[in-house]
Amino acid sequence: MYRYDEFDAQFVAERTKQFRGQVERRLAGRLSEAEFRPLRLMNGLYLQLHAYMLRVAIPYGTLNSEQFRMLAHLAEKYDRGYGHVTTRQNMQYNWPKLPDVPDMLDDLASVQMHAIQTSGNCIRNVTCDPYAGATAEEIEDPRPMAELIRQWSTLHPEFTFLPRKFKIAVTAAEKDRALIKAHDIGIQTVKNETGEVGYKIIVGGGLGRTPIIGQTLREYLPKSELLSYLTATLRIYNRYGRRDNKYKARIKILVQETGIEVFREQVEAEYATIDISDIAVSEAERERIKAYFANPDFETLENDPAEYIKAIDDNRAFRLWAKNNVAAHKADGYAIVNVSLKPKELAPGDITAGCINACGHHHVGHIGILGLEKAGVEFYQVKLGGDSSEDAAIGKVTGPGFSQEELIDGIENMVELYLKQREEGERFLDTYNRIGMAPFKEVLYA
Amino acid sequence: MSTLKHKGKGPQAMTANELRDGYNVWLDENLDWSRDYAKALRTEDQDLIDRMQLKANTDEAKNLVADLLEAK
């Protein structure tokens, strides 16, 4: 994985030192909350309803063991022994104390991590296919490209005060695990008709209160033009994105209101004014970054060894587990394994974050559930038919909401209907798409 | 920092965050900050509401609390 150079290390250390001084001034009353707020937010520190929250970026979702241990150390020493892993590959600590935060940032810096640009109207943490660098499905490892974008976007002077936050996700596989169509910009590594590797650019997706599926801005972009093209796109957003209404300020609203064709024309016109060589990245620099993501020394192993096949044949529980949690690795004899952090026979616990802003991604769940409150009464709204894959789709609301008790019965009824109607190999979504909402709605409201 | 949008529309309470620890606190009937939500003073008495606001502003100025919010 990428390692900080001397400049990066010095920059992060100085930034932490600055923040320590700002915290000291705040605690001494020399900075008001209004003055301190933008300073803490630029360092990923929120003041939420119940307490402070520190959001730490995990670029492209990749951690080494030293960094993982440091995250655990922060949870043990400064928080309540746990953190929240977010869907955008951040780690959030929900109970830090203000005087401790500079120490937390120092500890993070010691393992080449920080919380810069995890808040504010800037380009946030670049997220990636969680199987990146390992899956047999990808054209190439997308993490060097994500790292390039991270370096370009960190403290970019032109894009530090965008109309609203800006999220980029990347993948290099056809099967989308990075939800690129629900990001401000989604980038997919693709090959053109001559076999050259480049990028497909998706724009204007997002979840939140106004879920919208992104649209294709460019079918194919040569690799060397990526940063220039992103610059042109961000400039159009910066120029025309709405700043008068927070809820209409994201690029998805701009693209929707402008129309993808006109938006594309605007981007291409801006792109034509850019001297690509100004921010073109040389092949040598690409190779330098790529070298940090080199494969470990894989052993020579065979796929599907006899012991594994025997365990699959003999043990139904293992077979089911393997079917759902093991994926093909690019190296023979290796596999990608998903490990659930859910405790056995207990509720999932504090490992995902969700809120009315759709952090829980209910819009793209096969069954999406949103908790709401109106006039002091809590209820749940149900959506069906969402899809977070490469065929991304927003679920449709079934109708009026439910109390908690009614909801559980309704979900059970829908699962029973699915099991009854299911054809060989169908997931819930497949059955739903085949038979439609009406039968599910009927049992949901029975 | 306090928001007055609910003022005059039913019982009021005053909440904030402790500056150092960040915990959510509520003004109780003694006009002390309590971390216990159940002890929050809820009142429609305008004089009392004004005293709550004064206490909150004073403690904010003393850097004891931040992000005051008058809650309905």
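Two strands count as paired when DSSP finds at least two bridges between them. Keep that in hand for the opening stop of this tour of a predicted model.

**Stop 1: the sheet**

Select the strands of chain A. Four of them form an open sheet, in the order β1-β2-β4-β3. The pairing is antiparallel. Strands β1 (45–47) and β3 (84–85) of chain A are the edges, each pairing on one side only.

Now go to β2 (residues 52–57) and β4 (residues 90–93) of chain A. Four bridges join these antiparallel strands. Which residue of β4(A) stands opposite A:Val56? Click across and you land on A:Met91.

**Stop 2**

Select A:Glu270 and A:Arg239. Their side chains meet in a salt bridge, 2.7 Å from N to O. A:Glu270 sits in helix α8 (residues 260–272) of chain A and A:Arg239 in helix α6 (residues 226–240) of chain A, so the pair ties together parts that are 31 residues apart in sequence.

Is A:Glu270 buried or exposed? A:Glu270 counts as buried because its relative accessibility is 10%, and the cut-off for buried is under 20%. A:Arg239 is partly exposed, at 47%.

**Stop 3: a salt bridge within one helix**

Move to helix α10 (residues 283–291) of chain A, which holds both A:Arg288 and A:Glu285. The two are three residues apart, about one turn of the helix. They form a salt bridge, with the closest N and O atoms 3.0 Å apart. A:Arg288 is partly exposed at 31% relative accessibility. A:Glu285 is also partly exposed, at 25%.

**Stop 4: another pair, then a network**

Select A:Arg427 and A:Asp430. Here too the side chains meet in a salt bridge, at 3.0 Å from N to O. A:Arg427 has 40% relative accessibility and counts as partly exposed. A:Asp430 is partly exposed as well, with a relative accessible area of 24%.

Salt bridges that share partners join A:Glu158, A:Arg235, A:Arg239 and A:Glu270 into one network. Over all chains, the whole structure has 24 salt bridges.

**Stop 5: a nonpolar patch**

Select A:Trp321, A:Val337, A:Val339 and A:Leu341, which make a nonpolar patch of about 410 Å². A:Trp321 lies in helix α12 (residues 316–325) of chain A. A:Trp321 counts as partly exposed because its relative accessibility is 34%.

Definitions and conventions: Residues are numbered from 1 along each chain as its sequence is written. Chains are lettered from A and ligands numbered from 1 in the order in which they are written. This is a predicted model: local features need pLDDT of at least 70, side-chain atom pairs count only at pLDDT 80 or more; totals for chains, interfaces and linings use all residues. Side-chain values use heavy atoms; hydrogens and water are left out. Patches are made of residues with over 30% relative accessible area and no salt bridge: like charges are joined within 9 Å, nonpolar side chains (Val, Leu, Ile, Met, Phe, Trp, Tyr) within 5 Å. Accessible areas come from the Shrake-Rupley method with a 1.4 Å probe; for residues, only the protein chains shown count as cover. A salt bridge is a side-chain nitrogen of Lys or Arg within 4 Å of a carboxyl oxygen of Asp or Glu. Buried means under 20% relative accessible area, exposed over 50%, partly exposed in between (1.4 Å probe, protein chains only).
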